[in-house]
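Hi,

Here is the model I said I would pass on. Have a look at it first, and then read my notes below.

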Amino acid sequence: MEAFFKTHAYLVEHTNAPVRRALMDEIDWGSRMIGIKGTRGVGKTTFLLQYAKEHFSVGDRKCLYVNMNNFYFQGRGIADFAADFYRQGGRTLLIDQVFKQPNWKSELRKCYDDISGLKIVFTGSSVMRLKEESSELSDIVDSYNLRGFSFREFLNLQTGNNFAPVSLDDILTHHEQIVKDILPVVSPAEYFQQYLHHGFYPFFLENRNFDENLLKTMNMMTEVDILLIKQIELKYLTKIKKLFYLLAVEGPKAPNISNLAQEIETSRATVMNYIKYLADARLINIIYPVGEEFPKKPSKVIMHNPNLMYAIYPIEYGRQEVMETFFVNALWKDHTVNYGGKDSCYIVDGRRKFRVCPSGSAHKVRYSADTIYARYGTEVGSGNRIPLWLFGFVY
């Protein structure tokens with residue numbers, strides 16, 4: 001146990017979270033069982049350590065961070081370790097990459113049932129399904145999602161500002177005033193392309209090649225998050241990777257399931273399952289018309305975020321496709337985004353019609369009063385024409 005406390009103290013002391021994530025204030029920290037899901041590379045480990053740093057002194061043995069990558073846990077279960085920690089005065093156990101532990105669900109359930117004075121906060125993959133009725137944890141866990149940086153968080157980091165999140169309703173109602181408050185302080189246009197290329201994943205801050213790091217992360221999403229958690233045999237990995245590449249090559253449109261099944265030599269039903277796994281892993285977003293959902297064929301498949309679009313060589317996406325991907329990803333956290341037909345239209349929350357389009361007189365856009373226009377290539381807007389970058393402030 002002493003070795004774990006030493007590691008905990010070192011990690012907490014040396015944790016540097018350049019941006020305080022909004023999720024920190026959204027979580028009900030009074031809950032006894034908290035699950036924080038997120039795709040690889042979005043900063044889940046840093047988030048746990050930042051929580052420890054904010055709520056406990058470095059030497060406070062009431063809190064302990066452990067990572068299930070440690071080989072020690074291959075010979076000892078979480079429940080046994082947690083009981084030992086609690087007997088020694090521990091009250092908050094932070095468990096990173098919980099899915100690396102065999103039988104982790106039943107182990108966490110045992111902790112909850114047997115140690116009423118212990119709080120557990122654990123992290124895991126976005127592929128995990130914690131609230132399904134069949135899950136042993138469905139009735140005891142509060143589940144949250146940690147996403148990559150929003151454009152707002154990226155802008156704060158790059159400029160030293162502290163802009164607060166803005167709700168979608170406030171953007172729609174007061175966007176002109178919100179923009180007037182921002183523009184004298186910073187020019188978002190100077191940073192927007194940087195964000196689209198490399199701003200979603202916090203590891204752009206590391207002194208390593210971003211593209212190579214992102215490719216490594218994408219491979220881990222398929223090799224570990226999908227195969228391990230979904231318990232898929234290794235021999236099917238190449239099919240899943242090929243499917244992802246084919247979807248990327250086809251670009252944002254409705255997938256041809258029959259052709260894809262033929263290309264990767266499997267059934268249509270398996271293709272649909274694989275598409276769902278890729279979406280769960282936050283590699284793609286699948287978009288349906290209002291009222292439809294999986295397992296129906298989606299109306300459009302797009303990359304999960306713009307950074308991924310620049311990492312898949314030698315594919316080159318058009319500006320319109322990149323901007324639509326940004327818009328969908330920005331609203332995905334707290335809103336439902338559905339397919340709204342042609343002309344780059346989306347239905348948000350089942351009732352609002354949005355269209356992503358360029359600004360400027362050179363682009364012929366027929367404006368309609370029943371549509372909200374998310375326009376790129378401009379920093380300002382008026383009425384139902386809103387600058388696209390501002391939707392990056394919703395979280």
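To start with a term: a charge sits over a ring if NZ of Lys or CZ of Arg is within 6 Å of the ring centre and within 35 degrees of the ring normal. R385 does this with Y367, lying over the ring face at 3.5 Å from the centre. R32 is another case, with its charged end over the ring of Y112, 3.8 Å from the ring centre.

Some housekeeping before the rest. This is a predicted model, so local features need pLDDT of at least 70 and side-chain atom pairs count only at pLDDT 80 or more, while totals for chains, interfaces and linings use all residues. Residues are numbered from 1 along each chain as its sequence is written, and side-chain values use heavy atoms, with hydrogens and water left out.

**Aromatic rings**

I paired rings of Phe, Tyr and Trp (its six-membered ring) if their centres lie within 6.5 Å; planes under 30 degrees apart count as stacked, over 60 as edge-to-face and the rest as tilted. That rule gives 30 aromatic pairs. One of them is F4 with F81, an edge-to-face pair with 5.2 Å between centres and 70° between planes. F4 belongs to helix α1 (residues 2-13) and F81 to helix α3 (residues 78-87), so this pair ties together parts that are 77 residues apart in sequence. (Helices are DSSP runs of H or I with at least four residues, strands are runs of E with at least two, and both are numbered from the N terminus.) Both F4 and F81 are buried, where buried means under 20% relative accessible area, exposed over 50% and partly exposed in between, using a 1.4 Å probe and protein chains only.

There is also an aromatic cluster made of F149, F151, F154, F163, F192, Y195, F204, F326, W389 and F393.

**Helix α5**

N156 sits in α5, which spans residues 151-159, and has a relative accessible area of 9%. Leaving aside residues up to four places away in sequence, N156 touches N161, N162 and F163; contact means heavy atoms within 4.5 Å. Just after the helix, G160 has a positive phi of about 80°.

**Helices that cross**

For these, axes are lines fitted to C-alpha atoms, over the stretch in contact for helices, and angles run from 0 to 180 degrees between N-to-C directions. Angles under 35 degrees count as roughly parallel, over 145 as roughly antiparallel, 65 to 115 as roughly perpendicular and the rest as oblique.

α1 packs on helix α2 (residues 44-55) at about 90°, with the axes 9 Å apart. That makes the two roughly perpendicular. On the α1 side the contact uses H8, L11, V12 and E13, and these meet L49, A52 and K53 of α2. By type, the contact has four nonpolar residues, one polar and two charged. (Ala, Val, Leu, Ile, Met, Phe, Trp, Tyr, Cys and Pro count as nonpolar, Asp, Glu, Lys and Arg as charged, and the others, Gly among them, as polar.)

Helix α9 (residues 237-250) and helix α11 (residues 268-280) cross at roughly 80°, and their axes come within 10 Å. They are therefore roughly perpendicular as well. K239, I240, L243, F244 and L247 of α9 make the contact with V271, Y274, I275 and L278 of α11.

T222, in helix α8 (residues 210-230), is buried at 3% relative accessibility. Its contacts, again without residues up to four places away in sequence, are L227, L237, I240, K241, L278 and L283.

Most residues other than glycine have a negative phi, and most peptide bonds are trans. The bond from F294 to P295 is cis, with omega near 15°, and P295 lies in the loop between β6 (284-287) and β7 (300-303). N103 has a positive phi near 60° and is exposed at 58% relative accessible area. D349 also has a positive phi near 60°, but is partly exposed at 30%.

Cheers
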